[in-house]
Amino acid sequence: MLEIKDLSVRFQGNKDDALSHINLSFEKGEFVCILGKSGAGKSTFIRCLNGLQKPTTGEVYWNNHSLFDMNEEQLRKIRREMGMIFQHFNLVPRLTVMQNVLTGTFGYRSTFKNLLGLFSAEEINRAKETIEDVGLTDQINRKVELLSGGQKQRVGIARALLQQPKVFLGDEPVSSLDPGTSNHIFNLIQDIHNQHQLLTIINVHDVHLAKRYATRLIALKDGKMIFDGRPEEFDEEKFHVTYHAASNQLDELPVH
Ligand SMILES: Nc1ncnc2c1ncn2[C@@H]1O[C@H](COP(=O)(O)OP(=O)(O)OP(=O)(O)O)[C@@H](O)[C@H]1O
């Protein structure tokens, strides 16, 4: 479904790769968490998957089509199939829950319609259902700036869901939330993942959370993939290597 071949990214002016020769493939139904300490390359990786970040070398294939050979219109179509949620929610604070969620239809509509803010009855009904799915019906007409962090992330999830995505991408979606709320958000993501049989790929700092929900873990360190396996295989030693060991020890470690 999603295939990454020899993907490397080096930002202009940097002497090291942010991502270095990553090879991976993902299938529908997998719940993948990406681990790694700050600066390991997690966000850059997620941004490559939906074409927001162009690699220096390598390819990302979506159902056998190269993302980086596509024109803007083709890429826009693919992005509709990729719902994305963010650490800082990326909502419009002065708009209501309903208005924010309806922006999830933008990928499907002409710019002219977007500017006029026209939504069909069908779109409005679907948005209402999605807001109900994330448990925010009682907040539907409230401005998003008045909501808690957990509620804001629910709006972000509802907006992504309205796109009817096949892939759900998360860039540290619970890093701004307390542990209890993070659990609730992960429960919700898991329910949605199971119900719609998605491919879910999420960056996360909390290893316990990742091990509880993921079916597959990937660890990055200094842009290199140092682990790819089942959550139960990510033991104390792998944890130490991912978060503490010096980078110059990496060459001695096999990739799992
Ligand atoms: N736009 C940019 N220009 C230059 N360097 C960048 C840019 N974006 C990221 N980097 C560098 O690329 C590397 C990987 O960054 P990235 O944000 O992907 O890491 P991360 O694992 O997501 O970190 P965090 O957990 O702190 O969000 C870092 O060394 C970072 O400084």
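Asn183 sits in helix H7; helices here are DSSP runs of H or I with at least four residues, strands are runs of E with at least two, and both are numbered from the N terminus. Asn183 is partly exposed, with 16 other C-beta atoms within 10 Å. For that term, a residue is buried if 20 or more other C-beta atoms lie within 10 Å of its own, exposed if 12 or fewer, and partly exposed in between, with C-beta atoms placed from the backbone. Asn183 and Tyr213 are 30 residues apart in sequence, and their C-alpha atoms are 9.7 Å apart in space.

Before going on, two notes on the model. It is predicted, so local features need pLDDT of at least 70, side-chain atom pairs count only at pLDDT 80 or more, and totals for chains, interfaces and linings use all residues. Residues are numbered from 1 along each chain as its sequence is written.

On confidence: pLDDT is the predictor's confidence in each residue, from 0 to 100. The mean for the chain is 90, and 91% of its residues reach 70 or more. The complex gets an ipTM of 0.96 and a pTM of 0.91 from the predictor. Where pLDDT is low, the predicted coordinates should not be read in detail.

Now the domains. The chain divides into domain 1 (1-81 + 168-256) and domain 2 (91-164), with bounds from an automatic or database domain assignment. Their centres, taken over C-alpha atoms, are separated by 26 Å. Domain 1 puts 13 residues into the contact and domain 2 puts in 11 residues. On the domain 1 side, the elements giving two or more residues are helix H2 (72-80) and helix H7 (179-196). Which of them gives the most? H7 does, with 6 residues. That side of domain 1 divides into 7 nonpolar, 3 polar and 3 charged residues. In this count Ala, Val, Leu, Ile, Met, Phe, Trp, Tyr, Cys and Pro are nonpolar, Asp, Glu, Lys and Arg are charged, and the others, Gly among them, are polar.

Next, the core. The largest nonpolar core has 64 residues, a core being a set of buried Ala, Val, Leu, Ile, Met, Phe, Trp, Tyr and Cys residues joined through C-beta atoms within 7 Å. Those with the most contacts inside this core are Cys33, Ile34, Val101, Ala158 and Leu217. Helix H6 (residues 149-162) gives the most to the core, with 6 residues. Domain 1 and domain 2 both give residues to this core, so it lies between them.

Take Ile34 from that list. Leaving out residues up to four places away in sequence, Ile34 touches Lys42, Phe45, Ile201, Ile202, Asn203, Ile218 and Leu220. Lys42 and Phe45 are among the buried residues of H1, along with Thr44, Ile46, Cys48 and Leu49. Helix H1 (residues 42-49) has 6 of its 8 residues buried, so it is largely enclosed by the rest of the structure. Just after H1, Gly51 takes a positive phi of about 75 degrees.

Which residues are around the ligand? They are Phe11, Asn14, Ala18, Gly36, Ser38, Gly39, Ala40, Gly41, Lys42, Ser43 and Thr44, where being near means a C-beta atom, placed from the backbone, within 6 Å. This shell divides into 3 nonpolar, 7 polar and 1 charged.

Most residues other than glycine have a negative phi, and most peptide bonds are trans. Asp6, in strand S1 (residues 2-9), has a positive phi near 50 degrees. Asp6 counts as exposed, with 12 C-beta neighbours inside 10 Å. Asn64, in the loop between strand S4 (57-62) and strand S5 (65-66), has a positive phi near 75 degrees. With 7 C-beta neighbours inside 10 Å, Asn64 counts as exposed.

Last, two phenylalanines. Phe86 is in strand S6 (residues 82-86) and counts as partly exposed, with 19 C-beta neighbours inside 10 Å. Beyond four places in sequence, Phe86 touches Gly156, Asp171 and Pro173. Phe239 lies in helix H9 (residues 236-243) and is also partly exposed, with 15 C-beta neighbours inside 10 Å. Outside four places in sequence, Phe239 is in contact with Val207 and Phe234.

Key: Two residues are in contact if their C-beta atoms, placed from the backbone, lie within 7 Å.
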